[in-house]
Amino acid sequence: FASVKKMNILFLNSLGRSKWGGGEKWMIAAAKGLSEKGHRVTIACQPGSVIEQKVLTAGIDIWSFSISADIAWWKIPILKRFFAKKQLDALICCQNKDVKIGAKAARAAGVKAIFARQGIQNLSNKRRYIKPFTQYIDGIITNTNSIKTQYESFGWFPQNFIHVIYNGVELTDRAERINLFEKYNLPTDCQIIFSAGRLDHQKGFDLLIEVAQKAKETNKKWQILIAGDGKLLQNLQEKAKEARVEKIFHLIGFTDTVASILKSVDVFVLPSRYEGMPNALLEAMAAGVANIATSVNGAPELVVEGETGYLVESENATQIYQRLDTILCDKKLRKSMGRKSQERVRDQFTNEKMVENLEKL
């Protein structure tokens, strides 16, 4: 392993121009880490996309290319020529249609290692997935044992085909603390609950409106901040207004200052209905913040119940409220959970470990 040869690696990601998520964050971290180890890495993505902007900022080689649909067979010759020109050693497909088109082209071009990355469960036990996901690729990379177990239950993957590589997070203390009381005009005697992610049904932020209602009814001095943007922005704003908690529940939009915000909050909450390995929770733990997460997919593999945080049932706002009450009433507990969270991330969930495991594979 120490003398692994330098490889030509392509990450293929046909996600839409305006979209960005945890999978794309993983892709750039992985690409950057492999580049720093001396491998020649390229990311193929849509021109003018958010991904393209992030790739350029990261200083990774880019190829402007898009696959518009699962049936875009006319793209295969273009891909084959590119693979031959680059003398590609490995292809990592980030979307299902990248497998159906990109992996098929790579197989025809004789690329040696072709993997599909499944950050959340994107496959079901249906016939249409069997051929591309067993004949076009050499394996699946996923970030949780829960997804691996589910896929293996389908019964049609070869043995040792699915590989778990946990997400990593950058460990840094360089972020500067933000005065959230001034920035968001919060009462100076409040306790701050924070969450982050796309404003999407998956993320469960509507449950935090119910939590805000309970906090108001019980006269808690809590303020809830949610960082992120998405299609449910107006819907969540309207729900908060209807519930009369708009002075407690704050949608602060997309921000690049999450690391600084995490230095200034009391607790992090992940109310998701489903996840892969949740990056937002991972970042909160790395920052040493006590946390509460719904017990979905990868969260139980990350959170040690009662030590690094609390796990609650999905869709259960009452449990979230109760666990928040427990944590926010006990400063010593918050500090202990934050410290143990940080230790757990340093031990098992760093970017360095993630890149090392990917390189080995």
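Which residues does arginine 344 touch, not counting those up to four places away in sequence? In this predicted model, arginine 344 touches Met285, Glu301, Leu302, Val304, Thr308 and Phe349.

Arginine 344 lies in helix α14, which spans residues 331–348. The residue is buried and yet has no salt bridge, since the nearest side chain of opposite charge, that of aspartate 347, is 7.2 Å away.

When neighbours within four places in sequence are left aside, the contacts of valine 304 are Gly309 and Arg344. The C-alpha atom of valine 304 is separated by 37 Å from that of alanine 44, a residue 260 places away along the chain.

**Salt bridges**

| Salt bridge | Closest N and O atoms |
|---|---|
| Aspartate 89 and lysine 5 | 3.3 Å |
| Glutamate 315 and arginine 273 | 2.7 Å |
| Arginine 323 and glutamate 305 | 3.6 Å |

Aspartate 89 forms its salt bridge with lysine 5; because aspartate 89 lies in the loop between α3 (76–86) and β4 while lysine 5 lies in the segment before β1, the pair ties together parts that are 84 residues apart in sequence. Aspartate 89 is buried, with a relative accessible area of 12%, whereas lysine 5 counts as partly exposed at 46% relative accessibility.

Glutamate 315 is paired with arginine 273 by a salt bridge. This pair links distant parts of the chain, with glutamate 315 in the loop between β13 and α13 (317–328) and arginine 273, 42 residues apart from it, in the loop between β11 (267–270) and α11 (279–286). Glutamate 315 counts as partly exposed, at 46% relative accessibility, while arginine 273 is buried, at 15% relative accessible area. Both residues belong to a network of salt bridges in which Asp206, Arg273 and Glu315 are linked.

Arginine 323 forms a salt bridge with glutamate 305, and here the two partners are 18 residues apart, arginine 323 being in helix α13 and glutamate 305 in the loop between α12 and β13. Arginine 323 is partly exposed at 29% relative accessibility, and glutamate 305 is likewise partly exposed, with a relative accessible area of 40%.

In helix α2 (residues 50–58), the buried residues are Ile51, Glu52 and Val55. They cover an arc of only 100° around the axis, and therefore sit on the same side of α2. Glycine 59, which follows α2, has a positive phi near 75°.

Strand β8 (residues 191–196) has five of its six residues buried, so β8 is largely enclosed by the rest of the structure. Its pairing with strand β9 (residues 222–227) is parallel and runs over six bridges, with isoleucine 193 standing opposite isoleucine 224 in β9.

**Two buried loop residues**

Serine 14 lies in the loop between β1 (8–12) and α1 and is buried, with a relative accessible area of 2%. Its side chain is joined to that of aspartate 98 by a polar contact of 2.6 Å. Beyond neighbours within four places in sequence, serine 14 is in contact with Gln46, Ile67, Gln95, Lys97 and Asp98.

Cysteine 94 is found in the loop between β4 (90–93) and α4 (96–109) and is buried at 13% relative accessible area. Its contacts, neighbours within four places in sequence being left aside, are Phe11, Leu12, Asn13, Met27 and Arg117. Although cysteine 94 and glycine 23 are 71 residues apart along the chain, their C-alpha atoms are separated by 7.6 Å.

Notes: Residues numbered from 1 in each chain as written. Predicted model: local features only at pLDDT ≥ 70, side-chain atom pairs only at ≥ 80, totals over all residues. Heavy atoms only, no water. Contact = heavy atoms within 4.5 Å. Helix = DSSP H or I, 4+ residues; strand = E, 2+ residues; numbered from the N terminus. Buried < 20%, exposed > 50% of the residue type's maximum accessible area, 1.4 Å probe, protein only. Lys, Arg positive; Asp, Glu negative; His and termini not counted. Salt bridge = Lys/Arg side-chain N within 4 Å of Asp/Glu carboxyl O. Arc of directions from axis to C-beta. Pairing = 2+ DSSP bridges. Polar contact = N/O pair within 3.5 Å; in protein donor to acceptor, adjacent residues only side chain to side chain.
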